[in-house]
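The following exercises are to be worked through with the sequence and the coordinates at hand.

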Number of protein chains: 2
Amino acid sequence: MTAIEDFMSDVRTDVDRTMDGIIPRAEVEPVRLHEAIRWSVFAGGKRIRPALLYAVGKTFGASEAELSRTAAAIEMIHTYSIIHDDLPAMDDDDLRRGRASCHKQFGEATAILAGDVLQTLAFKAIAEDETLSADIRVRLISVIAAASGTPGGMVSGQQLDLNAETKKLSLQEIDSIHHQKTGALTSAAAIAGAVIGCATDEETSAIKQYAAKIGLLFQITDDLLDVTQPTEILGKTAGKDAAAQKPTYPAHYGIEQTAIIAKNIRNDAYEALVPLQKDTTLLRSIADLIHDRIN
Amino acid sequence: MTAIEDFMSDVRTDVDRTMDGIIPRAEVEPVRLHEAIRWSVFAGGKRIRPALLYAVGKTFGASEAELSRTAAAIEMIHTYSIIHDDLPAMDDDDLRRGRASCHKQFGEATAILAGDVLQTLAFKAIAEDETLSADIRVRLISVIAAASGTPGGMVSGQQLDLNAETKKLSLQEIDSIHHQKTGALTSAAAIAGAVIGCATDEETSAIKQYAAKIGLLFQITDDLLDVTQPTEILGKTAGKDAAAQKPTYPAHYGIEQTAIIAKNIRNDAYEALVPLQKDTTLLRSIADLIHDRIN
């Protein structure tokens with residue numbers, strides 16, 4: 001394996017072990033609820049947000065023990081949003097990460113509750129993280145709640161996305177929705193790493209720039225994959241954007257030009273790291289990983 | 001007004017003002033989301049949990065400023081649970097507090113998001129409460145997340161309630177469900193007041209006893225009102241328990257005997273306060289208020 005593959009494998013192992021410790025065992029009552037949570041959490045997600053958090057945290061000298069629970073919490077919030085986003089009243093998606101979405105497998109009511117309580121468990125995990133000072137814990141909860149809430153956060157983005165279904169949006173408007181819907185929590189993961197690593201304000205500001213580029217890069221590659229990869233490789237329904245006539249980057253610029261834009265944004269992410277005066281190999285590798293991903 | 005009416009009126013004013021400051025204004029985008037949140041939050045709820053929190057906090061000498069945000073946060077978590085509980089996939093209730101439930105008014109997708117983000121805003125509000133030390137803030141988040149999560153918390157109780165729809169339960173099983181579904185957060189409100197007021201372990205233990213009785217009293221009076229009051233006074237659909245053939249206290253013991261049980265539990269709540277050696281007039285009045293309520 002390459003160094004970044006090693007790193008991603010370690011991240012997955014650690015974040016999965018940590019989530020396994022936070023989420024009640026499947027045998028605990030109510031069994032159905034805990035099975036549903038575990039179905040969605042342990043479905044082989046890419047763990048991009050935890051990877052960003054670990055990479056930034058390690059860049060600033062934080063230990064793995066200090067990073068684990070916050071990384072797990074952010075992944076749990078991401079998973080709650082996916083469970084609710086897949087519901088019939090929302091995106092109505094039956095397939096997620098190559099298998100039945102939570103509500104297809106466990107019913108709508110349980111899926112709603114599984115999402116609800118993943119959010120609860122996430123904030124609880126940070127509040128009870130004894131490897132961090134109480135001051136850092138409340139700062140982390142504040143940053144993550146702002147990014148996953150409203151205004152300007154993940155839930156705002158989902159609401160704007162819902163509103164957009166009935167009207168034609170510009171690419172700029174779509175960018176703004178993505179920035180809230182997925183970019184904010186991605187950025188929060190990077191910022192959380194900086195908070196735990198006690199980065200200075202200047203350093204945190206560079207990390208914010210970098211994270212914004214990573215978030216945009218993730219979205220553009222997502223758009224590209226939607227039109228270039230089949231459902232089997234994506235693990236979710238392919239061609240959804242085109243079917244919904246969404247104004248994506250490929251729809252606007254064409255596939256070839258979009259690939260060039262993606263490369264430029266990857267380079268912008270590199271650029272944002274220059275002021276740090278740290279070894280940023282890992283952070284640059286994550287930009288490459290997202291740029292080069294096939295699903 | 002009586003002293004307790006004065007107190008309840010002050011609680012409502014303060015908790016509503018605090019929530020108004022925490023929740024984005026209705027004019028802020030996404031407007032629909034913020035309107036939906038405000039529709040459900042400012043629907044004239046009884047504010048029983050905030051009242052308990054203030055009453056316990058004041059008993060231990062906490063100031064109103066120290067209590068406001070946590071009281072608001074607990075009320076917001078209670079409201080999120082109501083919004084999701086009313087959804088078609090859950091209890092499917094069109095009426096709440098005398099008017100359309102959130103999903104009837106704003107659609108299912110927005111109601112799901114409104115509930116989601118109320119939880120987020122609640123934990124954010126506590127994390128950012130500068131009247132409290134960071135140590136107290138993380139303790140509060142931990143207590144409230146445990147009570148509203150799983151296992152043993154509000155969401156567990158809702159899942160058990162769902163599971164119960166297809167089978168006959170004993171009154172004891174129903175008690176256990178209620179204890180999780182509504183009792184846990186009610187207790188957490190009282191315990192949060194003790195945490196903010198820096199109560200000793202012995203004092204907190206007495207408050208837990210008291211809160212458990214209050215939670216049970218609330219449930220039994222709820223059961224009674226369901227069979228004795230019309231929909232107009234309840235502000236929610238009357239006779240639902242009987243229609244669903246739920247094994248409630250009145251169904252099991254009859255109305256008259258249930259009223260006696262309610263009075264005994266009110267007296268148990270009084271009794272639990274004896275070890276405190278404080279002025280507990282307010283806490284006893286809250287027990288009376290719940291015992292005597294007509295909706």
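Residues are numbered from 1 along each chain as its sequence is written, and chains are lettered from A, with ligands numbered from 1, in the order in which they are written. This is a predicted model, in which local features need pLDDT of at least 70 and side-chain atom pairs count only at pLDDT 80 or more, whereas totals for chains, interfaces and linings use all residues.

**Exercise 1. Confidence**

Task: State the mean pLDDT of chain A and the ipTM and pTM of the complex.

Solution: 
- Step 1. pLDDT is the predictor's confidence in each residue, from 0 to 100. For chain A its mean is 94, and 100% of the residues reach 70 or more.
- Step 2. For the complex, the predictor gives an ipTM of 0.95 and a pTM of 0.96.

**Exercise 2. Symmetry and the contact**

Task: Determine how chain A is related to chain B, and which elements of chain A touch chain B.

Solution: 
- Step 1. Superpose the copies by least squares on the C-alpha atoms of residues with pLDDT of at least 70 in both.
- Step 2. In chain A, the C-alpha of Ala134(A) is nearest the axis, 2.7 Å from it.
- Step 3. Count the residues in contact (C-beta atoms, placed from the backbone, within 7 Å). Chain A gives 43 residues and chain B gives 43 residues.
- Step 4. Assign these to elements, where helices (H or I, at least four residues) and strands (E, at least two) are DSSP runs numbered from the N terminus. On the side of chain A that touches chain B, two or more residues come from each of helix 2 (31-41), helix 6 (108-127), helix 7 (134-148) and helix 8 (154-164). Helix 6 of chain A has the largest share, 13 residues.
- Step 5. Sort by class: Ala, Val, Leu, Ile, Met, Phe, Trp, Tyr, Cys and Pro count as nonpolar, Asp, Glu, Lys and Arg as charged, and the others, Gly among them, as polar. This side of chain A has 23 nonpolar, 12 polar and eight charged residues.
- Step 6. The copies meet through the same surface, because 100% of the interface residues of chain A are also interface residues in chain B.

**Exercise 3. Two helices**

Solution: 
- Step 1. The expected span of a helix is 1.5 Å times one less than its number of residues. Helix 14 of chain B (residues 255-272) has 18 residues and should span 26 Å, in agreement with the 26 Å between its end C-alpha atoms.
- Step 2. Apply the burial criterion: a residue is buried if 20 or more other C-beta atoms, placed from the backbone, lie within 10 Å of its own, exposed if 12 or fewer, and partly exposed in between.
- Step 3. Turn to helix 7 of chain A, which is mostly covered, with 12 of its 15 residues buried.

**Exercise 4. Loops and backbone**

Task: Is Gly153(A) buried or exposed, and which peptide bond of chain A is cis?

Solution: 
- Step 1. Gly153(A) sits in the loop between helix 7 and helix 8 of chain A. It counts as buried because it has 24 C-beta neighbours inside 10 Å.
- Step 2. Beyond its neighbours within four places in sequence, Gly153(A) is in contact with Ala146(A), Ala147(A), Ser148(A), Gln180(A) and Ala184(A).
- Step 3. Most residues other than glycine have a negative phi, and most peptide bonds are trans. The bond joining Glu29(A) and Pro30(A) is cis, with omega about -5 degrees. Pro30(A) lies in the loop between helix 1 (3-22) and helix 2 of chain A.
- Step 4. Gln277(A), although not a glycine, has a positive phi of about 50 degrees. Gln277(A) is exposed, with 9 other C-beta atoms within 10 Å.

Methods:
Contact = placed C-beta atoms within 7 Å.
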